[in-house]
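Subject: Handover of a structure

Hello,

Here is the structure I promised to pass on. Please open it first, then read the notes below.

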Amino acid sequence: MIDTANIWDKCLNDLRYNVKDNVFTMWLRPLSAHQEAQTLIILAPNDYFVTYIKKNHLQDIQQLVTKHSQGSIEEVVVRVDNAGRNAEDNSQSGSLFVEDEVSPTLSEHKFESIHHNNAKADIDANMRHNEPVESADTKSLSYLNPDFTFETFVTGKSNNLAYKACYELGKRQSKNRHNPLFIYGPSGLGKTHLMHSVAHRYLKNNQSFYYFTSEKFINQLVYSLRNNKIEDFKKKIKKVDLLIVDDIHVLAGKTKSSNEFLTLFADFTSGDKQLILASDRHPSQMTEFDERFRSRFSWGLTVAVDPPEIDTRVQILQKKAASYGMVLPKECALFIAQNVVSNVRRLEGALNQVFANANLTGAQITLEMVQYALKDIVAMRVQAVNMDNIRKIVAEYYDVTVKDIMGRKRTRSIARPRQIAMALSRELTGDSFPEIGQSFGGRDHTTVMHACDKVNELRAADPAFDKDYKTLALMLQAG
């Protein structure tokens with residue numbers, strides 16, 4: 001007997017890594033599924049969802065269903081969940097959003113009304129508490145990923161400090177608590193994995209927690225404010241031992257939500273409670289917030305999660321392959337790691353693409369097969385790494401024009417980006433100094449050599465400069 005709920009959970013977990021966070025939250029997380037004969041029926045809230053899923057995600061879903069059902073499910077159909085719709089139409093419904101508090105990513109979908117039966121159902125469905133998950137539908141809405149544990153996390157230089165900090169928090173009665181723990185870094189590098197790992201340990205220790213994405217946190221606050229339930233909402237949260245808020249930077253500009261969050265901040269940074277926050281950047285760089293927030297975010301321990309180095313990327317791929325029960329030859333893992341460098345999510349997305357190709361064609365996983373399966377990703381990477389695109393990306397990053405970089409002005413605000421662009425060209429294209437000089441407005445090869453030497457010197461002396469350089473390199477090499 002096929003476990004349909006388990007198959008759909010695995011599909012959702014894979015889809016999570018193949019799309020942007022806001023797309024997954026808005027469009028994929030609300031879906032549920034059941035099986036009829038050899039067909040998987042995906043139930044969507046309304047016709048807008050059905051149209052969107054068919055147009056944008058159905059092909060990927062079909063491949064994943066084939067993989068996780070080992071071919072036993074032959075067809076995938078998307079249709080409206082009429083039972084859910086009827087229940088909704090018969091209920092007292094209320095809008096979840098107010099105009100001045102809607103996050104930018106959600107406001108793009110203003111045509112869609114999101115309703116819930118009542119405030120309690122709304123809060124319980126969208127916050128992961130320490131109660132057991134019973135049904136497949138509830139599990140698909142749960143934010144606590146069963147695969148996101150310390151045991152499945154691959155460590156390296158890029159994430160070791162963040163891992164150790166979270167691991168200490170997961171220990172019962174640990175004396176090495178830092179409150180709040182603030183984890184920052186670009187999307188897709190494992191911040192959510194680490195936070196879920198801590199939550200799993202709290203659950204194991206019979207301690208309670210709430211985990212929010214920032215969007216859900218804002219939505220719950222707004223709903224509670226509009227329905228005069230804000231004190232009940234905060235009282236419910238304050239009962240738990242651990243509060244986790246992901247992507248906290250989205251709170252910027254949401255005045256009411258931010259102020260309510262400050263009251264919760266005070267409760268969870270005192271006594272035996274714990275607060276974990278995550279963002280895409282260091283608190284000092286969150287200039288959208290006033291000093292009250294930036295200083296509070298920095299009270300405890302701030303740790304970075306950086307893009308993984310190549311050895312870690314290979315380990316991630318091989319560990320993920322083993323979890324699928326698949327064998328990924330080392331040369332194949334190395335090829336993927338060399339061509340997908342920007343983040344773990346894209347890395348695992350590329351691996352899923354290889355496995356889907358293998359399952360659909362029946363081909364053995366060899367280096368040639370992997371090269372074919374990822375030919376589009378490789379082509380995109382090669383296309384990005386050329387001197388024209390390097391100048392364009394560097395100019396945008398430093399808010400200058402390509403004309404400035406190609407020109408003769410020697411002011412530092414222009415000369416420095418020009419030198420960085422030359423150094424990146426040398427590192428990423430392998431072109432000679434004369435070729436690079438010629439491409440940068442007919443400059444002498446000694447100018448390019450001086451630029452490369454200067455950039456290396458600044459990288460060694462200034463960590464912020466080095467981080468900017470590495471970020472630009474990753475942007476250009478992203479697969």
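Two residues are in contact when they have heavy atoms within 4.5 Å. Keep that in mind for the helix pairs that follow. One caution before you start: this is a predicted model.

**Overview**

The protein has 25 helices and eight strands. It has 479 residues, and buried residues make up 50% of them. Take the contacts between residues at least 6 apart in sequence. Of these, 73% join residues at least 24 apart.

**Helix pairs**

Start with α1 and α4. Helix α1 covers residues 4–18 and helix α4 covers residues 58–68. Their axes lie 9 Å apart, and the packing angle is about 130 degrees. That angle makes α1 oblique to α4. The crossing of α1 past α4 is right-handed. On the α1 side, the residues in contact are I7, W8, K10, C11, D14 and L15. On the α4 side, they are D60, I61, L64, V65, K67 and H68.

Next come α11 and α13. Helix α11 spans residues 214–226, and helix α13 spans residues 255–268. The two pack at about 100 degrees, with 10 Å between their axes. Angles of 65 to 115 degrees count as roughly perpendicular, so α11 and α13 are roughly perpendicular to each other. Helix α11 contributes F217, I218, L221, V222 and L225 to the contact. Helix α13 contributes K256, S257, E260, F261 and L264.

M387, I390 and V394 make the contact from α20. From α22, the residues are P417, A421, L424, S425 and T429.

Helix α24 runs over residues 445–461, which is 17 residues. From first C-alpha to last, α24 reaches 25 Å. That is close to the 24 Å expected at 1.5 Å a residue. Its buried residues are V448, A451, C452, V455 and L458. Seen down the axis of α24, these fall within an arc of 130 degrees, so they line one face of the helix. The face of α24 turned away from the buried side carries exposed residues: D453, A460 and A461.

Helix α9 (160–170) has these buried residues: A162, Y163, A165, C166, E168, L169 and G170. What do the buried residues of α9 pack against? They pack against β4, α10 (191–204), β7 (274–279) and β8 (301–304).

**Single residues to look at**

- L262 is found in helix α13. Its relative accessibility is 14%, and the cut-off for buried is under 20%, so L262 counts as buried. Leaving aside neighbours within four places in sequence, L262 is in contact with R292, F293 and R296. R296 is 34 residues from L262 along the chain, and their C-alpha atoms are separated by 9.0 Å.
- N206 lies in the loop between α10 and β5 (209–213). N206 counts as exposed, at 70% relative accessibility. N206 and D241 are 35 residues apart in sequence. C-alpha to C-alpha, N206 and D241 are 10.0 Å apart in space.

**Backbone details**

Which peptide bond is cis, with omega near 0 degrees? The bond from N179 to P180 is. P180 sits in the loop between α9 and β4 (181–184).

Two residues have a positive phi without being glycine:

- A37 has a phi of about 55 degrees. A37 is in the loop between β1 (32–36) and β2 (39–44). A37 is exposed, with a relative accessible area of 72%.
- Q70 has a phi near 55 degrees. Q70 lies in the loop between α4 and β3 (75–80). Q70 is exposed as well, with a relative accessible area of 76%.

Over to you.

Best wishes

Notes
Residues are numbered from 1 along each chain as its sequence is written. This is a predicted model: local features need pLDDT of at least 70, side-chain atom pairs count only at pLDDT 80 or more; totals for chains, interfaces and linings use all residues. Side-chain values use heavy atoms; hydrogens and water are left out. Helices (H or I, at least four residues) and strands (E, at least two) are DSSP runs, numbered from the N terminus. The expected span of a helix is 1.5 Å times one less than its number of residues. Buried means under 20% relative accessible area, exposed over 50%, partly exposed in between (1.4 Å probe, protein chains only). The arc is that of the directions from the helix axis to the C-beta atoms. Axes are lines fitted to C-alpha atoms, for helices over the stretch in contact, and angles run from 0 to 180 degrees between N-to-C directions. Angles under 35 degrees count as roughly parallel, over 145 as roughly antiparallel, 65 to 115 as roughly perpendicular and the rest as oblique. A crossing is left-handed if the near helix is turned anticlockwise from the far one by less than a right angle, and right-handed if clockwise.
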